[in-house]
Amino acid sequence: MDQLKHRFIDGKHISLRRPTDEDALGFWYNWFNDPEVALYTGWWKPNTPNNQLDFLRSLEASNTSIVLIIEDKLSGAPIGVVSLSKINWVQGIADIALVIGEESARNKATLGLEALVLMIRHAFLCLNLKNLRGGFASGQEASQWMLRALDFREVGKFEKIFTINGITSDHILVHLNIEDWKKRNHCKN
């Protein structure tokens, strides 16, 4: 299938596009069967194509979530998803998240970073959101590096809330507001 017609946001190395039925029935559902993805997403049971298709249908009906497939422009392959969820339109707040599902792309942190940059820009400039929340398990170095590189500030933590591979970790909570983002990106009001 020609995914070019589904592109929503184009970046330098990646494109973000809406998920399709073919994605749900193909690669997307299986990303959540990967033990490494399950460790950090809290997915605890085998995923199925029908479960993923049901999730896609719920997204299509949602006014509070946006999930986009990340495609590597070089290979044309889908590598993960980036999302805004729990969007509160009145307060201008949303949660941002990233999952790199393709194992071969997990060592290419710049692709995940670019996906976050594009979604943040979309959130602040197109959706008029004012605040983005995120989080990561302490010791989850790639997520920590990306969110700190994008000037998310640590605002708190839930202590000893995750047990990953027998190691108890904190859930670090981070935040980025539009004013800080505009300063960093030299944007005018």
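Phenylalanine 55 has a relative accessibility of 38% and therefore counts as partly exposed, where buried means under 20% relative accessible area, exposed over 50% and partly exposed in between, computed with a 1.4 Å probe on protein chains only. Its partner is tryptophan 28, and the two rings form an edge-to-face pair, 5.9 Å centre to centre with 70° between the planes. Rings of Phe, Tyr and Trp (its six-membered ring) are paired if their centres lie within 6.5 Å, and planes under 30 degrees apart count as stacked, over 60 as edge-to-face and the rest as tilted. Because tryptophan 28 lies in helix H1 and phenylalanine 55 in helix H3 (residues 49-61), the pair ties together parts that are 27 residues apart in sequence; helices (H or I, at least four residues) and strands (E, at least two) are DSSP runs, numbered from the N terminus. Tryptophan 28 is buried, with a relative accessible area of 1%.

This is a predicted model, in which local features need pLDDT of at least 70 and side-chain atom pairs count only at pLDDT 80 or more, while totals for chains, interfaces and linings use all residues. Residues are numbered from 1 along each chain as its sequence is written, and side-chain values use heavy atoms, with hydrogens and water left out.

The count of aromatic pairs comes to 3. One of them joins phenylalanine 27 and tryptophan 31 in a tilted arrangement, 5.0 Å centre to centre with 45° between the planes. These two residues are 4 residues apart in helix H1 (residues 21-31), so about one helical turn separates them. Phenylalanine 27 is partly exposed at 23% relative accessibility, whereas tryptophan 31, at 3%, is buried.

In helix H5 (residues 141-149), the buried residues are Ser143, Met146 and Leu147. They cover an arc of only 90° around the axis, which puts them on the same side of H5, the arc being that of the directions from the helix axis to the C-beta atoms. The buried residues of H5 pack against strand E5 (93-100), H4, strand E6 (131-137) and strand E8 (167-177), with contact meaning heavy atoms within 4.5 Å.
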